[in-house]
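The sequence and structure come before the account itself.

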Amino acid sequence: MLDRFGQDVRSLTRIAHVTQAVIITDKNVGPLYAKRTASSLRQAGYRAHILTIPAGEGSKTIDVASELFQALAQLGCARDTLIVSLGGGVVGDIAGFVGATYMRGVPVIHVPTTLLAMIDASVGGKTALDLPQGKNLVGAFKQPEYVCADLTVLSTLDAEQWASGLAELAKMAIITSDEFFFWLSDHASILADCDAACSAHAEILAEALTRAIRAKVDLVAKDEFDTKGVRALLNYGHTLGHALEALSGYAVLHGLAVAEGMRFSVRLACAVCGASLDMVKAQDDLLDALKIPSVPLTPTANKLLVSMHADKKATSQKIRFVLPTDIAHLGLFEVDDETLSIHLKAWVSQRRPKRTSQRRTKQIAEDAQVEEPKKTATRTRKKTATQTEEKEAAQPKTSTRRKAQGATEKKPAAKASTRSRKKPESVAQQSTEAQPQETKKRRTQRKA
């Protein structure tokens with residue numbers, strides 16, 4: 001698709017006035033696809049320029065946007081200019097914002113190069129910059145004229161980026177319909193493997209993307225400017241997810257942070273809006289089948305709470321969550337600080353890296369290093385050359401090995417620890433494997 005990109009753009013009658021294109025990309029994607037994209041545009045008769053920004057969330061700032069504005073002005077760009085974002089969600093957000101505001105708005109086209117960007121950032125028209133106080137606090141709505149999603153570029157993604165995109169795919173299935181949810185569950189093992197999904201099972205990947213993109217387009221069409229509460233459902237998992245991203249210095253990828261937010265939110269929903277353990281298990285099973293890793297929580301519950309209050313969805317005393325009662329049944333709920341703090345503390349306690357266990361493992365290793373020479377010394381005494389020769393003459397070597405094996409078999413087994421840590425009493429730590437009481441048939445169970 002990239003090779004015919006220029007021709008596709010030329011066929012768009014809405015932007016027939018465009019004479020030049022500026023490709024905004026980052027230092028990771030640019031070397032792979034920028035020249036190829038520019039060449040396609042030039043062959044279609046456009047003047048094409050390439051502007052490159054540093055890779056990562058740290059580029060979504062007012063300072064970087066200002067540098068891009070100045071670069072456009074130096075190139076003499078006017079309203080006949082087309083902005084082309086070439087990259088992941090960060091590039092799409094900042095390029096879209098630049099396109100929405102330069103010359104009071106010029107046309108924008110997205111060429112997403114990550115699975116997450118194909119499903120999320122390139123669809124819906126939201127653009128954004130970050131502030132030190134929080135993520136996406138500055139932005140504008142700018143619908144793209146065209147989105148070029150070339151699936152062949154996805155084969156270059158690493159495992160973490162791939163899992164980040166799958167998390168967004170899972171989110172769309174959960175908020176959309178039973179049918180999409182169960183379809184994705186059935187194909188999760190295939191989609192979890194990036195190489196297989198991009199080659200032998202490319203048709204399944206294309207189907208998954210088509211379903212997710214159509215679902216998002218339908219939601220956006222009902223609430224384009226996010227004022228009716230319909231589009232807000234797309235923020236499922238984002239309240240905690242954005243806090244995790246910010247507190248990690250954006251080292252945690254967006255999709256993985258959202259997946260962690262989804263795991264927390266569905267448990268919070270058990271206490272706030274009556275979600276069942278069936279729902280918790282159904283979501284966990286899907287995320288696990290897609291091999292989406294959990295994010296170890298290093299911030300304290302209080303830091304997470306403070307960061308969530310900086311989110312644009314929060315009010316002065318309460319934080320707004322998108323919470324599910326079942327698959328495709330979600331709503332907006334305001335949760336007070338006291339309730340949220342209880343569940344955050346339990347969740348952080350459960351997800352925090354187990355440093356005590358690591359110290360214990362180190363101690364066991366050190367003990368083994370001390371004890372091992374003693375055991376060896378007991379089994380093997382020093383012998384004179386004469387004693388060794390006499391023993392070897394009297395007994396075959398095979399019997400010596402058997403004797404050594406017999407000595408090894410007599411080693412006493414280490415006693416297993418019987419101590420267990422008492423779990424905090426919170427929905428966040430209820431076992432998802434527990435059998436729920438049969439109150440009513442849930443939509444998370446397939447029909448016979």
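Rings of Phe, Tyr and Trp, the last represented by its six-membered ring, are taken as paired if their centres lie within 6.5 Å. In this predicted model, F264, F321 and W347 form one aromatic cluster.

**Aromatic pairs**

The structure holds six aromatic pairs in total. A pair of aromatic rings is described by the distance of the centres and the angle of the planes. One of the six is formed by F5 and Y146, whose ring centres are 6.3 Å apart and whose planes meet at 15°, so the pair is stacked.

F181 and F182 make an edge-to-face pair, with 5.5 Å from centre to centre and 75° between the planes. F181 has a relative accessibility of 3% and therefore counts as buried. F182 is buried as well, with a relative accessible area of 15%.

**Helix α7 and its two partners**

Which helices does α7 pack against at an angle of about 155° or cross at roughly 145°? Helix α7 (residues 178–186) packs against helix α10 (residues 202–222), and the axes of α7 and helix α6 (residues 159–176) also cross.

| Helix pair | Angle | Axis separation |
|---|---|---|
| α7 and α10 | about 155° | 12 Å |
| α6 and α7 | roughly 145° | within 6 Å |

Angles over 145 degrees count as roughly antiparallel, and α7 and α10 are therefore roughly antiparallel to each other. The crossing of α7 with α10 is left-handed. On the α7 side, the contact is made by E179, F180 and W183, which meet I204, E207, A208, R211 and A212 of α10.

From α6, the residues L169, A170, M172, A173, I174 and T176 meet F180, F181 and L184 of α7. Here the division is eight nonpolar and one polar, with no charged residue. F180 takes part in the contact with α10 and also in the contact with α6. F181, a member of the edge-to-face pair, contributes to the contact with α6.

Apart from neighbours within four places in sequence, K216 is in contact with I119, D120, V123, M172 and L234. Among these, M172 is also one of the α6 residues that meet α7.

D80 lies in the loop between α3 (62–74) and β3 (81–87). With a relative accessible area of 24%, D80 is partly exposed. Its contacts, neighbours within four places in sequence being left aside, are H17, V18, T19 and Q20. The C-alpha atoms of D80 and P107 are separated by 8.5 Å, although the two residues stand 27 residues apart along the chain.

Note on methods
Residues numbered from 1 in each chain as written. Predicted model: local features only at pLDDT ≥ 70, side-chain atom pairs only at ≥ 80, totals over all residues. Heavy atoms only, no water. Axes fitted to C-alpha atoms, helices over the stretch in contact; angles between N-to-C directions. Helix = DSSP H or I, 4+ residues; strand = E, 2+ residues; numbered from the N terminus. Parallel < 35°, antiparallel > 145°, perpendicular 65-115°, else oblique. Left-handed = near helix turned anticlockwise from the far one by under 90°. Contact = heavy atoms within 4.5 Å. Phe/Tyr/Trp six-rings, centres within 6.5 Å; stacked < 30°, edge-to-face > 60°. Buried < 20%, exposed > 50% of the residue type's maximum accessible area, 1.4 Å probe, protein only. Nonpolar A, V, L, I, M, F, W, Y, C, P; charged D, E, K, R; others polar.
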